Amino acid sequence: MSKTKNWLMDMEEQFYAIADETAGECETYQEFVVRMKPHYPKMYAFNNEMEIEEHLHEAWQEKWSEYQYA
């Protein structure tokens, strides 16, 4: 792979790692989005703002589904 592609993939991986950690620290989805906004530039090479927020919604749902009762 090219260095640029590796760099972009690393930024995407960092974004999702930050999102996973941040989701556990937030009480609401809105708080989560606000706290993640400074990290959006890591994803602009791949997605627009609406798509980033869709990814965040999926990450939020996945994180908090661990704590739901069956």
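**Figure 1. Glu 25 at its salt bridge with Arg 35.** Glu 25 is partly exposed, its relative accessible area being 42%. The coordinates shown here and in the other views belong to a predicted model. Glu 25 forms a salt bridge with Arg 35, and the closest N and O atoms are 2.7 Å apart. This pair links distant parts of the chain, with Glu 25 in helix H1 (residues 3–25) and Arg 35 in helix H2 (residues 29–36), 10 residues apart. Arg 35 has a relative accessibility of 35%, so this residue counts as partly exposed. Side chains of opposite charge can pair when their charged atoms come close.

**Figure 2. Glu 31 and Arg 35 within helix H2.** A salt bridge also joins Glu 31 to Arg 35, with 4.0 Å between the closest N and O atoms. The two residues are separated by about one helical turn because they stand 4 residues apart in helix H2. Glu 31 counts as partly exposed, at 29% relative accessibility.

**Figure 3. The salt bridge between Lys 37 and Glu 49.** The side chains of Lys 37 and Glu 49 meet at 2.9 Å, taken from N to O. Here too the pair links distant parts of the chain: Lys 37 is in the loop between H2 and H3, whereas Glu 49 is in helix H3, 12 residues apart. Both ends are partly exposed by their relative accessibility, Lys 37 at 36% and Glu 49 at 37%.

**Figure 4. The network of Glu 25, Glu 31 and Arg 35.** Salt bridges that share partners join these three residues into one network. Arg 35 takes part in the pair with Glu 25 and in the pair with Glu 31. The N to O separations are 2.7 Å for Glu 25 with Arg 35 and 4.0 Å for Glu 31 with Arg 35. Over the whole structure, the search finds 5 salt bridges.

**Figure 5. A patch of negative charge on the surface.** Glu 51, Glu 54, Glu 58, Glu 62 and Glu 66 gather in this patch. One of the members, Glu 66, lies in the segment after helix H3 (49–65). Glu 66 counts as exposed because its relative accessibility is 52%, the cut-off for exposed being over 50%.

How values were computed: Residues numbered from 1 in each chain as written. Predicted model: local features only at pLDDT ≥ 70, side-chain atom pairs only at ≥ 80, totals over all residues. Heavy atoms only, no water. Patch = residues over 30% accessible without salt bridge, like charges linked within 9 Å, V, L, I, M, F, W, Y side chains within 5 Å. Areas by Shrake-Rupley, 256 points an atom, 1.4 Å probe, with all protein chains shown as cover. Lys, Arg positive; Asp, Glu negative; His and termini not counted. Charge placed at Lys NZ, Arg CZ, Asp CG, Glu CD. Buried < 20%, exposed > 50% of the residue type's maximum accessible area, 1.4 Å probe, protein only.
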